[in-house]
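Subject: Handover of a structure

Dear colleague,

Please find below the structure that I am handing over to you. My notes on what was found in it follow directly after it.

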Amino acid sequence: DPRSIMQEMLLSKATTAIIAHNHPSGICAPSTADVNAIQQISKLMASINTTLIDHIIIAGNDYFSFASNEKFRACFSYESYDVFTGYRNQGKTEAVK
């Protein structure tokens, strides 16, 4: 539920998130509802200056990562976020000495 996810983000003052849920059916392929939800969540998170790193679906011993899938990569801004420092690098990468 995008609304409850955003509520948790705001209450916890989180700046990044990885979302995960399971598919008890054992099929890890995203449903139309999963795709619609992640697109909505991605836009909402961007509007409050937070970063969605990934949305993972777990099904038995298998998983699906939206961020690792070329079709959905545009929903995620993890490439411009340094998870170690917490700073956005605005598309630039600099060597750490």
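The buried residues of helix H1 make their packing contacts with strand S1 and helix H2. Please bear in mind throughout that this is a predicted model. H1 spans residues 2-12, and its buried residues are Pro 2, Met 6 and Met 9. These residues cover an arc of only 60° around the axis, which puts them on the same side of H1. The face turned away from that buried side carries Arg 3, Glu 8 and Leu 11, which are exposed. After H1 comes Lys 13, with a positive phi near 60°.

The sheet may be described next. Three strands form an open sheet in the order S1-S2-S3, and their pairing is mixed. Its edge strands are S1 (16-22) and S3 (62-65), each of which pairs on one side only. On average, neighbouring strands of this sheet are turned by 20° against each other, with direction ignored. S1 and S2 (residues 51-59) run parallel and are joined by 7 bridges. Among the partners across this pairing, Ile 18 is bridged to Asp 54 in S2, and Ala 20 is bridged to Ile 56 in S2. S2 is mostly covered, with 7 of its 9 residues buried.

Helix H2 (residues 32-47) lies across S1 and S2, and runs at about 160° to S2.

Which residues of H2 are buried? They are Asp 34, Val 35, Ile 38, Ile 41, Ser 42 and Met 45. Seen down the helix axis, the buried residues of H2 fall within an arc of 135°, so they line one face of the helix. They pack against H1, S1 and S2. On the face of H2 turned away from the buried side are the exposed residues Thr 32, Ala 33, Lys 43 and Ser 47. Asn 49 follows H2 and has a positive phi, near 60°.

The largest nonpolar core has 18 residues, of which Met 45, Leu 52, Phe 64, Phe 66, Phe 72 and Phe 76 touch the most other members. H1, S1, H2 and S2 each supply at least two residues of this core. The largest share, 4 residues, comes from H2.

Met 45 deserves a separate remark, being both a buried residue of H2 and one of the core members that touch the most others. What is Met 45 in contact with, leaving aside its neighbours within four places in sequence? The contacts are Met 6, Met 9, Ala 17, Thr 50, Thr 51 and Leu 52. Of these, Met 6 and Met 9 are among the buried residues of H1, and Leu 52 is itself listed with the core members that touch the most others.

Yours sincerely

Notes: Residues are numbered from 1 along each chain as its sequence is written. This is a predicted model: local features need pLDDT of at least 70, side-chain atom pairs count only at pLDDT 80 or more; totals for chains, interfaces and linings use all residues. Side-chain values use heavy atoms; hydrogens and water are left out. Two strands pair if DSSP finds at least two bridges between them. Axes are lines fitted to C-alpha atoms, for helices over the stretch in contact, and angles run from 0 to 180 degrees between N-to-C directions. Contact means heavy atoms within 4.5 Å. A nonpolar core is a set of buried Ala, Val, Leu, Ile, Met, Phe, Trp, Tyr and Cys residues joined through side-chain atoms within 4.5 Å. Buried means under 20% relative accessible area, exposed over 50%, partly exposed in between (1.4 Å probe, protein chains only). The arc is that of the directions from the helix axis to the C-beta atoms.
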